[in-house]
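The points are set out in numbered form.

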Amino acid sequence: MAARGVFITFEGGDGSGKSTQIQSVRDWFESRGREVIVTREPGGTELGTEIRRLVQNGPEDVDARTEALLYAADRAYHVATVIAPALERGAVVLGDRYIDSSLAYQGAARSLGVDEIASLSAWATRGLYPSLTFLLDLPPEVGLHRHTDAPDRMERESMDFHERVRHEYLRLADAEPDRIVVIDAVGTIDEVFSEIRGVLVERFEGGSVTIDEADDAPLSAQEAPASSERPASLEAADKPREKSADKGSSRKPATMVGALGESQGALWDE
């Protein structure tokens with residue numbers, strides 16, 4: 001039986017360790033014989049790399065709406081040329097940021113409206129949503145202190161801005177506990193991956209589904225509806241994910257996985 005595509009995204013504030021954990025998850029899937037595509041937003045394509053440069057290190061007078069539209073343009077091209085084709089051939093796609101980032105940063109922190117950004121993103125992606133999202137959560141001050149490079153335009157925003165981002169991420173997780181798993185990212189790299197690995201084993205190796213038969217794989221961009229109407233909580237998730245929820249899961253709704261301990265662990269890049 002041919003493997004079905006799996007779309008997993010990683011979200012979190014700056015310095016939360018997404019890139020490091022993505023590499024560990026890549027190794028986990030590849031050790032099980034899967035093709036894995038690692039990508040990011042913006043920057044997963046040549047066009048996206050240029051958009052990333054403009055948004056992060058371009059003119060300081062880029063306004064919020066322009067920023068949101070640039071991210072949407074990048075996402076539309078990214079889905080059409082990278083993500084959807086990979087899923088169609090049965091690959092595992094690991095995305096460093098996706099729609100939830102726009103909801104948190106532009107919708108909430110930039111005050112453009114989560115509903116508006118959700119509709120824009122749904123239109124840009126033709127309704128393609130991940131079946132699983134890891135939210136690496138930690139206080140903004142911890143993440144920002146992990147950076148050693150010069151801060152980019154987004155990282156120079158106020159602490160209040162980054163707190164609003166975190167608050168919206170956690171609100172989204174509360175609204176979609178079957179898709180978004182909150183991981184305590186304050187611990188060491190190994191501690192964080194241990195939590196992630198537990199979810200991977202549960203979702204793809206245990207229970208009633210296997211990695212090749214997971215019926216919560218997302219629809220391709222061509223198969224998904226083109227509707228732009230999607231509430232802020234993203235309740236109209238793709239049907240396959242709803243089916244997997246009907247089978248029952250032993251995982252509790254998204255909560256902080258592990259208490260925020262005193263140790264901030266090893267520092268790593270975003």
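1. Leaving aside residues up to four places away in sequence, Ser121 touches Arg75, Ile99 and Ser102. The model under discussion is a predicted one.

2. As to its placement, Ser121 belongs to helix 5, which spans residues 114-125. The relative accessibility of Ser121 is 3%, so this serine counts as buried, the cut-off for that class being under 20%.

3. A second group of residues comes from an annotation. The unreviewed UniProt entry assigns the feature "binding site" to Gly12, Gly13, Asp14, Gly15, Ser16, Gly17, Lys18 and Ser19. Among these, Asp14 is included in the lining of the largest cavity.

4. Which strand holds Gly12? Gly12 is located in strand 1, made up of residues 6-12. With a relative accessibility of 0%, Gly12 is classed as buried.

5. When residues up to four places away in sequence are not counted, Gly12 touches Lys18, Arg97, Tyr105, Leu135, Leu136 and Tyr169.

6. Is Ser19 buried or partly exposed? Ser19 counts as partly exposed because its relative accessibility is 29%, a value that falls between the limits of 20% and 50%. Ser19 is placed in helix 1, which covers residues 18-30.

Terms used:
Residues numbered from 1 in each chain as written. Predicted model: local features only at pLDDT ≥ 70, side-chain atom pairs only at ≥ 80, totals over all residues. Heavy atoms only, no water. UniProt positions renumbered as here; feature names shortened; annotations may be inferred. 1 Å grid on protein atoms, 1.4 Å probe; cavity = no way out; pocket = protein on both sides within 12 Å on 5 of 7 lines; lining within 4 Å. Helix = DSSP H or I, 4+ residues; strand = E, 2+ residues; numbered from the N terminus. Buried < 20%, exposed > 50% of the residue type's maximum accessible area, 1.4 Å probe, protein only. Contact = heavy atoms within 4.5 Å.
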